[in-house]
Amino acid sequence: MTNGHHEIDHNIDIAPGDEHFEGGIGERVLGYLTGLGLAILLTATSFFVAGTDLVWQPSIPVALVVLAIAQMGVHLVFFLHLTTGADNTNNVLALAFGVLIVMLVIGGSLWIMANLNHNMMPMDQLMQMQR
Amino acid sequence: MADTTTAYAQSDPHHVRAVEYTGPASKRIVTGYGFWIFILSDMVMFSAFFAAYAVLLGQTAGGPSGAQLFDLPNVAIETGFLLASSFTCGLATIAADARNKFWFQIAMAITCLFGLAFLTIEGREFASLVARGAGPTRSAFLSAFFTLVGCHGLHVSGGILWLLTMMAQVFAKGFRADIQRRILCFALFWHALDIIWIAVFTVVYLLGSAA
């Protein structure tokens, strides 16, 4: 393997973004092409679903979120070469922790603000009381 | 020595731990991992902006909503440019691994052009919104929109400066080990920006114009 990844062993960690590959350049390009094709497919589906009348309307936001998460997965696997292999455990665990924090920040904010909106008097009434 | 080896084998009879301790990780792994942590913290920062946008989506203060403002075909073209640039960035990584200067510079130059095309489209969108009286001061919704999308645009601008720096460094110094580490970090950064853009076009534009 002469691609600059020095002394990579299957069982030792590899840097995030690096790829375990015994194949040649052609196969690596093919990997990126696969990722590109899947990403284009998912993006096109997202834009199509957002504007269509063909599906049940309340299902559209859910579909868009699912498509976005799927495309993020495609990018992580084909572009950032995140795998389930033992050499990637550290990278995946760091990502999992990041996802946990992201979920807490977004989910927590939405939850708290929805409750606040529910429990608070509408703003125009509040303004009238202060007069 | 023999004692410790035997003890190790007995503590792990099924060879769950496939390797024995092999010494500290290489500098490439340490650098890449550290930069990966930075990228994840950057994503946490973006999540706060996403949360603000989601909370403020309806707070238009009588002003225009996303459905009235967003031009989805334009966003689709923008998305295509950024996705293509992520792909050519991957090709540049392969060229760097193969230590092929010519293809590295070509792939990086194309990545740069796609990135600039993305920024141009975004800049024109911002200019047209401000010209229509829908600037960041119009409503809380538009403040959140400009902060989130503008922050991503700033990251892309910084990424392009970094990209040009890497082209110059490879031109001047070749594929030294430290330059290879910087290329690895740059590629991580650029691919991460594309991942954040997936969230932007889904949450801001597609969900935002549905709401």
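In what order do the elements of chain B run from the N terminus on? They run α-α-α-α-α-α-α. The secondary structure of chain B comes to seven helices and zero strands. Helices (H or I, at least four residues) and strands (E, at least two) are DSSP runs, numbered from the N terminus. The model is predicted: local features need pLDDT of at least 70, side-chain atom pairs count only at pLDDT 80 or more, and totals for chains, interfaces and linings use all residues. Residues are numbered from 1 along each chain as its sequence is written, while chains are lettered from A and ligands numbered from 1 in the order in which they are written.

Chain B has 211 residues, and 41% of them are buried. A residue is buried if 20 or more other C-beta atoms lie within 10 Å of its own, exposed if 12 or fewer, and partly exposed in between; C-beta atoms are placed from the backbone. Contacts in chain B were also sorted by sequence separation. Among those between residues at least 6 apart in sequence, 82% join residues at least 24 apart. Two residues are in contact if their C-beta atoms, placed from the backbone, lie within 7 Å.

The two chains meet through 45 residues of chain B and 47 residues of chain A. On the chain B side, the elements giving two or more residues are α2 (27–56), α4 (72–97) and α7 (177–210). The largest share, 15 residues, comes from α2(B). By class, this side of chain B has 31 nonpolar, ten polar and four charged residues. Ala, Val, Leu, Ile, Met, Phe, Trp, Tyr, Cys and Pro count as nonpolar, Asp, Glu, Lys and Arg as charged, and the others, Gly among them, as polar.

One helix pair spans the two chains. The axes of α2(A) (residues 59–78) and α7(B) come within 10 Å and cross at roughly 170°. Axes are lines fitted to C-alpha atoms, for helices over the stretch in contact, and angles run from 0 to 180 degrees between N-to-C directions. The two helices are therefore roughly antiparallel to each other. Angles under 35 degrees count as roughly parallel, over 145 as roughly antiparallel, 65 to 115 as roughly perpendicular and the rest as oblique. Residues of α2(A) in this contact include I60(A), L64(A), A68(A) and H75(A). On α7(B), H191(B), D194(B), I198(B) and L206(B) are among them. The contact has twelve nonpolar, four polar and one charged residues.

Helix α1(A) has 27 residues and reaches 39 Å from its first C-alpha to its last, close to the 39 Å expected at 1.5 Å a residue. The expected span is 1.5 Å times one less than the number of residues. The buried residues of α1(A) include R28(A), Y32(A), L42(A) and F47(A). They pack against α2 of chain A together with α4 and α7 of chain B. F47(A) counts as buried because 21 C-beta neighbours lie inside 10 Å. Leaving out residues up to four places away in sequence, F47(A) touches L72(B) and A76(B).

Helix α3(A) (residues 89–119) has 31 residues and reaches 44 Å, close to the 45 Å expected. Its buried residues are N91(A), V102(A) and I106(A). What covers them includes α2 of chain B.

The largest nonpolar core has 79 residues. Such a core is a set of buried Ala, Val, Leu, Ile, Met, Phe, Trp, Tyr and Cys residues joined through C-beta atoms within 7 Å. Elements giving two or more residues to this core are α1, α2 and α3 of chain A together with α2, α4, α5 (101–131), α6 (140–173) and α7 of chain B. The largest share, 22 residues, comes from α7(B). L148(B) is one of the residues with the most contacts inside the core. Beyond its neighbours within four places in sequence, L148(B) is in contact with F49(B), F50(B), Y53(B), V200(B) and V204(B).

Some loop residues complete the picture. H81(A) lies in the loop between α2 and α3 of chain A. Its phi is near 55°, a positive value in a residue other than glycine. H81(A) is buried, with 24 other C-beta atoms within 10 Å. R99(B), in the loop between α4 and α5 of chain B, also has phi near 55°. R99(B) counts as partly exposed, with 14 C-beta neighbours inside 10 Å.
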